[in-house]
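Trainee: Hi! Could you walk me through this one while we both look at it?
Mentor: Happy to, let's open it up.

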Amino acid sequence: MEFIRSNLLKDHTSATETIEKDLPVNPLSHLIFTIEGEQTTDEATLAEIIAFLNTIEVTKSGMTVFSAQSEDLYGVNCYLYKHRPVLTNMITTDDAVRNLTLIIPFGRRIFDASECFPATKKGELTLRANMTVLGTSIDSGLINIDAVELVGAAPSHYLKTTMMTVA
C-alpha cells in the first residue's frame, strides 16, 4: 500500500493556544504528534512534558471523530501498541533536547488499509490541539504534526475515540 507522510505543522513554537489545522483528503491511517523542548537544568519528567498538550480533537464537519486529553492519548498508545511512547534523552543536562511522540490512531493498527479514516473533501476534517505553556523544567517548546495518508485505501470502518464523563 502506498502512503504519504505529510507535515502539517513543523517546529511551531507554542505556548498557551489552540492550534487548528485542516487534515488531508486521502484516507488517514494516523497522525503523529511530537512535543519537543530543551531542559532548563534537571531532567524534565513525562508528566511535565505531556502536560503541554491539554486536549486533542479531530472533527468531521463538526462531528467528533477523536477526542482525548494528553494522558488518555498516552494510554491509548500504550494499549494499542503494547509499549509506552518513548520520552527521549533521559539525562539531566541543561539544554538537552527531549521529545515525546504520540500517535493519534484511526485504526487499531497503523497502515491498515481496511481500518483507517476514509477520504474526505477539503476542509471537512479538522485537527484542534489545545496547548498550554510549558512548566519551568523545559523551555523552547516546539510542536510537529504529521499525517500519514493511505493512497487508494477503501476502509470498511475506522476507530473512533472520544472522552466520556463518568460520575
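Trainee: Where is H30 found?
Mentor: H30 sits in strand β3, residues 28-39; strands here are DSSP runs of E with at least two residues, numbered from the N terminus. One thing to keep in mind is that this is a predicted model, where local features need pLDDT of at least 70, side-chain atom pairs count only at pLDDT 80 or more, and totals for chains, interfaces and linings use all residues. Residues are numbered from 1 along each chain as its sequence is written, and side-chain values use heavy atoms, with hydrogens and water left out.

Trainee: Is H30 buried or exposed?
Mentor: H30 counts as buried because its relative accessibility is 2%. Buried means under 20% relative accessible area, exposed over 50%, and partly exposed in between, using a 1.4 Å probe and protein chains only.

Trainee: Which residues does H30 touch?
Mentor: Leaving aside residues up to four places away in sequence, H30 touches I103, I104, P105, F106, I110, F111, D146, A147 and V148. Contact means heavy atoms within 4.5 Å.

Trainee: How many bridges join β3 to β6?
Mentor: Nine, and the two strands run antiparallel. One of the pairs to look for is I32 with its bridge partner I103 in β6.

Trainee: Switching topic: what does β4 pair with?
Mentor: Strand β4 (residues 53-60) pairs with strand β7 (residues 125-131) in the antiparallel sense over seven bridges. Six bridges also join β4 to strand β5 (residues 63-69), again antiparallel.

Trainee: Which partners does T55 have?
Mentor: T55 has N130 as its bridge partner in β7, and Q69 in β5.

Trainee: What's between β4 and β5?
Mentor: Two residues lie between them in a hairpin, and S61 in the turn has a positive phi of about 50 degrees.

Trainee: Last one: why does I19 count as buried?
Mentor: I19 counts as buried because its relative accessibility is 7%. I19 is in strand β2, residues 17-22. Not counting residues up to four places away in sequence, I19 touches L9, H12, S14, L127, R128, A129, M131 and I143.

Methods. Helices (H or I, at least four residues) and strands (E, at least two) are DSSP runs, numbered from the N terminus. Two strands pair if DSSP finds at least two bridges between them.
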